[in-house]
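Take a moment to look over the sequence and the 3D structure before reading on. The paragraphs below then lead through a few parts of it in turn.

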Amino acid sequence: MSSNSRRVVVTSLLLGLKIDLVPVDLLKGEHRAADYLRMNPNGKVPLLDDDGFRLWESHAIMQYLADRYPNDALYPLGVQERADVNRWLFWSAYHFTPSVGRISRERISKKMVGGAGGPDPVEIERGEAELVKAAQLLDDHLAGKEWIAQGRLTLADVAIAAPLMHTVAAQLPVKRYANLQSWFGRVKTLNAWRAAEIQPPGGRSVP
Ligand SMILES: N[C@@H](CCC(=O)N[C@@H](CS)C(=O)NCC(=O)O)C(=O)O
């Protein structure tokens, strides 16, 4: 249900790993419980526990998994090839995902949590301004390309596609970007993407 968790789940499926998913109920505040904060003082999901080695921050977890189970196609070993993918992972973490998060928090999370007031139009406007700037850059970059980096599916695509799972529910202003839409359409056909699409009762989604 969480887009930040989804990029990790899709990565693990693409790497052919079997991970045990432990749900953390954000609505019940389980991510703020003392036991959870001891494992992840940042108090967010996802959190990876690999035989006692604990790692939080979804992009760092993707990199870790792809390093632990090397896959030159998804996460190239060559220094410059890898830097190209890393560039987009950082862009995802710092620009793209937070802009979507600003909007989806207002339009989805607040409704689910309740009592947090209605959507704040100022915050939505800010998120939309950031998102259209980022989406335009991505759309320009994708002209004539199928994938974001290295001419093939890499971690960059998985990272950046994840928050777009909220396109409809958060009314993300991304419809007008044709290259972005065709690329996202390709990501959505991946078995790993579909397998990660867990639909809980009521179809809730948490940004
Ligand atoms: N930068 C973090 C963001 C994680 C994040 O914001 N997760 C959300 C769910 S998608 C969360 O745990 N929200 C609960 C909260 O902030 O209280 C990452 O990429 O892992």
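**A residue in a loop**

The loop between α6 (155-161) and α7 is where A170 is found; helices here are DSSP runs of H or I with at least four residues, strands are DSSP runs of E with at least two, and both are numbered from the N terminus. Residues are numbered from 1 along each chain as its sequence is written. The model is a predicted one, in which local features need pLDDT of at least 70 and side-chain atom pairs count only at pLDDT 80 or more, while totals for chains, interfaces and linings use all residues.

Is A170 buried or exposed? A residue is called buried if 20 or more other C-beta atoms, placed from the backbone, lie within 10 Å of its own, exposed if 12 or fewer do, and partly exposed in between. Because A170 has 27 C-beta neighbours inside 10 Å, A170 counts as buried. S109 is 61 residues away from A170 in sequence, yet the two lie 9.5 Å apart in space, C-alpha to C-alpha.

Helix α5 (residues 121-142) has 22 residues, and at 1.5 Å a residue these should span 32 Å, which agrees with the 30 Å between its end C-alpha atoms; the expected span is 1.5 Å times one less than the number of residues. The buried residues of α5 are G127, L131, A134, A135 and L138. They cover an arc of only 110 degrees around the axis, so they sit on the same side of α5, where the arc is that of the directions from the helix axis to the C-beta atoms. An α-helix has 3.6 residues a turn, so residues three or four places apart point the same way. On the other side of α5, P121, V122, K133 and D140 are exposed. Just after α5 comes G144, which takes a positive phi of about 75 degrees.

Strand β1 (residues 47-50) pairs with strand β2 (residues 53-56) in the antiparallel sense over four bridges, where pairing requires that DSSP finds at least two bridges between the strands. In β2, W56 is the bridge partner of L47, and R54 is that of D49. The hairpin of β1 and β2 has two residues between the strands, and in this hairpin D51 takes a positive phi near 55 degrees.

Turning to the ligand, 13 residues are around it, of which S2, N4, K44, V45 and S58 come nearest; a residue is near a molecule if its C-beta atom, placed from the backbone, lies within 6 Å of it. Both α1 (3-14) and α3 (58-68) supply at least two residues each to this shell.
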